[in-house]
Amino acid sequence: MPSQPIIIRPFAGAADTTTLSQVWLDACLIAHSFIGEQRLIEQRSLIEDQYLPHSETWVATIEGAPVGFISLLDSFVGGLFVAPQMQGRGIGRRLIDHAMALRGELELDVYVLNAAAMRFYRRIGFQEVSRRVVDDEGMPFENARLRLAGAAA
């Protein structure tokens, strides 16, 4: 069966919020299970009320249905999430490529315990530039700062 094309479009505000926060939650329950389900469920409202409306978000769709997104704060990737059932199909890579085309370089923080994400980012060329032992909320979950630089002119 041929694969369906991945279309990347701008975030559509309220029309996308619930779907994207569900993509976020589903992906986090797997990738960030060490944080705890209750804490992730509580954070969902922050994703809907603060995170998505205040970042530049690009949505990956297949046949019109959102399957992932990347949120940018200038050249910082605030988040990259793909629905678990759609992972491994090149969606995350397409979103990174789109953001690189817009910004020319990217930085992000990733939980070190999220081994799959660490492998993904390293595989596509991100380099570790620093680490910190706590996350943004001061919890004891080590984060790595990664950078992907564009081609030299």
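The expected span of a helix is 1.5 Å times one less than its number of residues. The legends below describe close-up views of a predicted model.

**View 1. Helix H3, end to end.** H3 is made of 13 residues. From its first C-alpha to its last, the helix reaches 18 Å, which is close to the 18 Å expected at 1.5 Å a residue. Ile 91, Gly 92, Leu 95, Ile 96, Ala 99 and Met 100 are the buried residues of H3. Just after the helix comes Gly 104, with a positive phi of about 85°.

**View 2. Surroundings of Ile 91.** Ile 91 is one of the buried residues of H3. Setting aside neighbours within four places in sequence, the residues in contact with Ile 91 are Ile 6, Ala 60, Ile 62, Val 67, Val 82 and Met 86. Ile 91 is also among the residues with the most contacts inside the largest nonpolar core.

**View 3. The largest nonpolar core.** This core holds 46 residues. Those with the most contacts inside it are Ile 70, Ile 91, Ile 96, Tyr 121 and Phe 126. Helix H1 gives the most to the core, with six residues. In soluble globular proteins, nonpolar side chains tend to be buried together.

**View 4. The largest pocket.** The space in this pocket comes to about 1,200 Å³. Two or more lining residues come from each of helix H1 (14-31), helix H2 (37-51), strand E4 (76-82), helix H3 (91-103), strand E5 (105-111) and helix H4 (115-123). The lining has 48 residues in total, and His 32, Gly 79, Leu 80, Phe 81 and Asn 114 lie nearest the centre of the pocket. By residue class, the lining divides into 25 nonpolar, 13 polar and ten charged residues.

**View 5. Glu 63 in the loop between E2 and E3.** Glu 63 lies between strand E2 (56-62) and strand E3 (65-73). Although Glu 63 is not a glycine, its phi is positive, at about 50°. The relative accessible area of Glu 63 is 65%, so the residue counts as exposed.

**View 6. Asp 74 in the loop between E3 and E4.** The loop that holds Asp 74 runs between E3 and E4. Asp 74 is another residue other than glycine with a positive phi, here near 60°. With a relative accessible area of 59%, Asp 74 is exposed, because exposed means over 50%.

How values were computed
Residues numbered from 1 in each chain as written. Predicted model: local features only at pLDDT ≥ 70, side-chain atom pairs only at ≥ 80, totals over all residues. Heavy atoms only, no water. 1 Å grid on protein atoms, 1.4 Å probe; cavity = no way out; pocket = protein on both sides within 12 Å on 5 of 7 lines; lining within 4 Å. Points joined across faces, edges and corners; volume = space filled by probe spheres on them. Helix = DSSP H or I, 4+ residues; strand = E, 2+ residues; numbered from the N terminus. Nonpolar A, V, L, I, M, F, W, Y, C, P; charged D, E, K, R; others polar. Buried < 20%, exposed > 50% of the residue type's maximum accessible area, 1.4 Å probe, protein only. Core = buried A, V, L, I, M, F, W, Y, C linked by side-chain atoms within 4.5 Å. Contact = heavy atoms within 4.5 Å.
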